[in-house]
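This report goes through one protein model, part by part. Please keep the sequence and the 3D view open while reading.

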Amino acid sequence: MPINPSDILLTDRVAVVTGGGAGIGRGIAAGFAAFGARVAIWERDPGTCAQAAESIGGLGITTDVRDSGQVDAALQRTVEELGVPTILVNNAGGVFSSPLLETSENGWDALYRANLRHVLLCTQRVARTMVSAGLPGSVISVTSIEGVRAAPGYAAYAAAKAGVINYTKTAALELAPHGIRVNAIAPDITMTEGVAALGGGDASAAMGAVVPWGRPGHVDETAGVAVFLASDLSTYITGQTLHVDGGTHAAGGWYHNPQTGTYQLGP
């Protein structure tokens, strides 16, 4: 059947975006709304949750997705107010330095809960709801380039992000009989509000040197891939991780020399 421009639309589909109060999550939520979806933002910060939801005409539910009880409550409210979600974006996450010889068990557990545990919880709960309703759907998890390369000083974070990638593959196989696709997006340097606050234009120029495309990514560029994966233009894609990184993953350590602009490997 020939593709149609309408295949990209998400009209009247219900989408859940975790960690949608700011950054990449907020960009994805706005993108979904622009393409016609009814969006629920699950965000633990009450202020950004309300602001982001209001800006797109969505439903904001203050939720800590690391807690199964809060996930269940948010899902129930989403179903009651918007309908059964058939799109889920597991975007919530967090990072802090975790050197191998210094990281405590509590630090490891905190990074696991922030970056992987909620992916299991939300995917399971939302997928169960889709299966019960007999509806196909799309699950998208935001991982990181750090899930496929070494990350000195951030071993626990990288391990959790690698777990998201492998969980995506296995979940895709288990949920395929139900018509539920499962994919992941792996950004690298993305100019979120937090990154911009660290250095603005100077930070952008410095980061651009390590990206083959020559600049950091924008949240809307990640959102565009999320819209594609949620739409009927990607109905035969499942179990994949798409690297939205301006070529950084492909570069494998090559970067633009700041003085000459030519590629070099290492210092």
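Leaving out residues up to four places away in sequence, which residues does D64 touch? D64 touches R44 and Q70, where contact means heavy atoms within 4.5 Å.

## About the model

The model is predicted: local features need pLDDT of at least 70, side-chain atom pairs count only at pLDDT 80 or more, and totals for chains, interfaces and linings use all residues. Residues are numbered from 1 along each chain as its sequence is written, and side-chain values use heavy atoms, with hydrogens and water left out.

## Around D64

D64 is in the loop that lies between strand 3 and helix 3. Helices (H or I, at least four residues) and strands (E, at least two) are DSSP runs, numbered from the N terminus. D64 counts as buried because its relative accessibility is 18%; buried means under 20% relative accessible area, exposed over 50%, and partly exposed in between (1.4 Å probe, protein chains only).

The side chain of D64 also makes a polar contact with the side chain of R66, at 2.8 Å. A polar contact is a pair of N or O atoms within 3.5 Å; within protein, one must be able to donate a hydrogen and the other to accept it, and residues adjacent in sequence count only if both atoms are side-chain atoms. G19 is 45 residues from D64 along the chain, and the C-alpha atoms of the two are separated by 8.9 Å.

## Helix 3

Helix 3 covers residues 68–81, which makes 14 residues. From first to last C-alpha it reaches 20 Å, close to the 20 Å expected at 1.5 Å a residue; the expected span is 1.5 Å times one less than the number of residues. At the N-terminal end, D67 caps helix 3, with a side-chain oxygen 3.0 Å from the backbone nitrogen of G69. Just after helix 3, G83 has a positive phi of about 120 degrees.

Which residues of helix 3 are buried? They are V71, A74, L75 and T78. Seen down the helix axis, the buried residues of helix 3 fall within an arc of 100 degrees, so they line one face of the helix. The arc is that of the directions from the helix axis to the C-beta atoms. Strand 1, strand 2, strand 3 and helix 4 are among the elements covering these buried residues.

## The nonpolar cores

A nonpolar core is a set of buried Ala, Val, Leu, Ile, Met, Phe, Trp, Tyr and Cys residues joined through side-chain atoms within 4.5 Å. The largest one has 27 residues, and I28 and F32 have the most contacts inside it. Helix 7 gives the largest share of this core, seven residues. A second, separate core has 23 residues, including V16 and L75.

Beyond its neighbours within four places in sequence, F32 is in contact with residues including L10, V39, I140 and A230.

Strand 5 has six of its six residues buried. G137, V139 and S141 lie on one side, with S138, I140 and V142 on the other. Strand 4 and strand 5 run parallel and are joined by four bridges; two strands pair if DSSP finds at least two bridges between them. S138 in strand 5 is the bridge partner of I87.

T168 lies in helix 5 and counts as buried, at 1% relative accessibility. Among the residues that T168 touches are S141 and V182.
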